[in-house]
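Please open the structure in your viewer and keep the selection tool at hand. The tour below goes from one selection to the next.

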Amino acid sequence: MSVAFQVQVRSENIASRSYNGGSCSRSEGKQLLEEVYEESCRYYSSLRNRQDFRNAIDAAKRAIDGAVGGASAGQNRAFYRKEFATNLGYVRVDIEIYRGQGHFRS
């Protein structure tokens, strides 16, 4: 079971967390997203003041909450993706499911 939570600016991956193990629970997924948010803001401090960035993280959390019955690599590998333009270039927030099923069920 493997899920990646990541933020990219332009083509550079500036923050990422991976979950490897059994199914990733909703609370674990949302915690990893918050860690990615904080790491991204440390990398580029201007991201902390961007409402569109906070909105993308919050929308990813809502997507996790909305995964009724769980998410699987076979059906929704690119589980969540949001891209928007900033003065830094395009910023993208991703949740990708590489292996496993039943993620975000609890």
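Start with the hairpin of strands E1 and E2, which has two residues between its strands; one to select is Arg10, with a positive phi near 55°. Bear in mind that this is a predicted model.

E1 and E2 pair in the antiparallel sense, and eight bridges join them. To see how the strands line up, pick Val9, which stands opposite Glu12 in E2.

Next, select helix H1, residues 26-43. With 18 residues at 1.5 Å a residue, H1 should span 26 Å, and the distance of 26 Å between its end C-alpha atoms therefore agrees.

Which residues of H1 are buried? Colour Arg26, Gly29, Leu32, Leu33, Val36, Tyr37, Ser40 and Cys41, for these are buried.

Two packed helices are described by the angle between their axes and the distance between the axes. For H1 and H2 the angle is about 165°, and the axes are 9 Å apart. An angle over 145 degrees counts as roughly antiparallel, so H1 is roughly antiparallel to H2. Their crossing is right-handed.

Finally, show the side chains where these helices meet. On H1 the contact is made by Arg26, Gly29, Lys30, Leu33, Glu34, Tyr37, Ser40 and Cys41. On H2 it is made by Phe53, Arg54, Ile57, Ala60, Lys61, Ile64 and Asp65.

How values were computed: Residues are numbered from 1 along each chain as its sequence is written. This is a predicted model: local features need pLDDT of at least 70, side-chain atom pairs count only at pLDDT 80 or more; totals for chains, interfaces and linings use all residues. Side-chain values use heavy atoms; hydrogens and water are left out. Helices (H or I, at least four residues) and strands (E, at least two) are DSSP runs, numbered from the N terminus. The expected span of a helix is 1.5 Å times one less than its number of residues. Buried means under 20% relative accessible area, exposed over 50%, partly exposed in between (1.4 Å probe, protein chains only). Two strands pair if DSSP finds at least two bridges between them. Axes are lines fitted to C-alpha atoms, for helices over the stretch in contact, and angles run from 0 to 180 degrees between N-to-C directions. Angles under 35 degrees count as roughly parallel, over 145 as roughly antiparallel, 65 to 115 as roughly perpendicular and the rest as oblique. A crossing is left-handed if the near helix is turned anticlockwise from the far one by less than a right angle, and right-handed if clockwise. Contact means heavy atoms within 4.5 Å.
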